[in-house]
Amino acid sequence: MSKPAVTSTFLFLALGLSAQPALTQAPASGFASETAAYEKQITELTARYEVFQIAAEADPAFQKNWLNRLRITGAIKPLTAATPNFTLSVGNELLLAKINPYVRRSDDDSTIAYLQALSKIVAKGVSDETLCKSFLNMADKSTMSDSDNARIEAAYGPALFDEMTIALGKVMRTGATGKERVLTQEQSEALIIELVTVMMDKYGKESAVRLVAFNKNDTPPLVKCETMKEMMTSIALLEKPQQAMLTRTLFASEGN
């Protein structure tokens, strides 16, 4: 299975920056008011969620980059920008781009919380091809429509955004220092073999066949999403230390 397909490419928003902008032009005062509103939301979310405080301390440009991304995406994807969780979702997207080194050092409970949030994202894509493709990073972000982006935002809803943000905070707090805790290749291979047997016990032998076919071009996206759901559900059936180690190794490797 391609590791890039199971980690930061889980980015659940797919906010492409090449959609057609609205034809009407807002006055300069409107832009200033919109920017001020974004700044206020960033301040409120930073006060509410520890993860944004950690990110801002680690990267002094984080909040500026967050604001810039909001302004650009808001200009070219107004439907997406109008969704209730837009500011939080863009902040999460920026966090996910930075999270892998923290995951590799995070403690077991934090890593498992991250896995659980990712699993819920995966589950959303099992029966919806647009959500599935955004999850798999199979859709061309530059051509994804504003309306599709808005629908993706709405589908994930406030509860999942909140859960993911809290999980990211746990990962960044516990993974800020310390050594990486990932499996060696030999350990990884042994644990993956155990994982596949758990999958077969729960979902039948066909689950192993689907896993092998994951990277094939002719495998339908919804089949890939179903396979990912089965795999992540099966990881959750392992012992806690195994769950955490496998999550760090599969979803936060250096190559992701």
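**Salt bridges, a disulfide and helix packing**

R248 is buried, with a relative accessible area of 0%. Buried here means under 20% relative accessible area, exposed means over 50%, and partly exposed lies in between (1.4 Å probe, protein chains only). The structure is a predicted model, in which local features need pLDDT of at least 70 and side-chain atom pairs count only at pLDDT 80 or more, while totals for chains, interfaces and linings use all residues. Residues are numbered from 1 along each chain as its sequence is written, and side-chain values use heavy atoms, with hydrogens and water left out.

The chain has 13 helices and zero strands. Helices (H or I, at least four residues) and strands (E, at least two) are DSSP runs, numbered from the N terminus. Buried residues account for 49% of the 256 residues in the chain. The chain exposes about 12200 Å², and carbon and sulfur atoms supply 55% of that area. Accessible areas come from the Shrake-Rupley method with a 1.4 Å probe; for residues, only the protein chains shown count as cover. Contact means heavy atoms within 4.5 Å. Among contacts between residues at least 6 apart in sequence, 81% join residues at least 24 apart.

Side chains of opposite charge can pair when their charged atoms come close. A salt bridge is a side-chain nitrogen of Lys or Arg within 4 Å of a carboxyl oxygen of Asp or Glu. The count comes to 12 salt bridges. One of them joins R248 and D108, with the closest N and O atoms 2.7 Å apart. R248 lies in helix α13 (residues 240-251) and D108 in helix α7 (residues 108-124), so this pair ties together parts that are 140 residues apart in sequence. D108 is partly exposed, at 23% relative accessibility.

A salt bridge also forms between D128 and R151, where the closest N and O atoms are 2.6 Å apart. D128 sits in the loop between α7 and α8 (129-136), and R151 in helix α9 (residues 146-174); the pair links distant parts of the chain, 23 residues apart. D128 counts as buried at 18% relative accessibility. R151 is partly exposed at 37%.

E230 pairs with R210 in another salt bridge, the closest N and O atoms being 2.7 Å apart. Here helix α12 (residues 221-235) supplies E230 and helix α11 (residues 206-212) supplies R210, 20 residues apart. E230 is buried, with a relative accessible area of 4%. R210 is partly exposed, at 23%.

A disulfide is a covalent bond between the sulfur atoms of two cysteines. The criterion is a pair of cysteine sulfur atoms within 2.5 Å. The count comes to one disulfide. C132 and C225 form it, their sulfur atoms 2.1 Å apart. The link is right-handed, with 105° about the S-S bond. C132 in helix α8 and C225 in helix α12 are 93 residues apart. C132 is buried, at 0% relative accessible area. C225 is buried as well, at 0%.

Helix α12 also packs against α13, at an angle of about 145° and with the axes 10 Å apart. Axes are lines fitted to C-alpha atoms, for helices over the stretch in contact, and angles run from 0 to 180 degrees between N-to-C directions. M228, M231, M232 and I235 in α12 meet Q243, L246, T247, L250 and F251 in α13. By class, this contact has seven nonpolar, two polar and no charged residues. Nonpolar covers Ala, Val, Leu, Ile, Met, Phe, Trp, Tyr, Cys and Pro; charged covers Asp, Glu, Lys and Arg; the others, Gly among them, count as polar.
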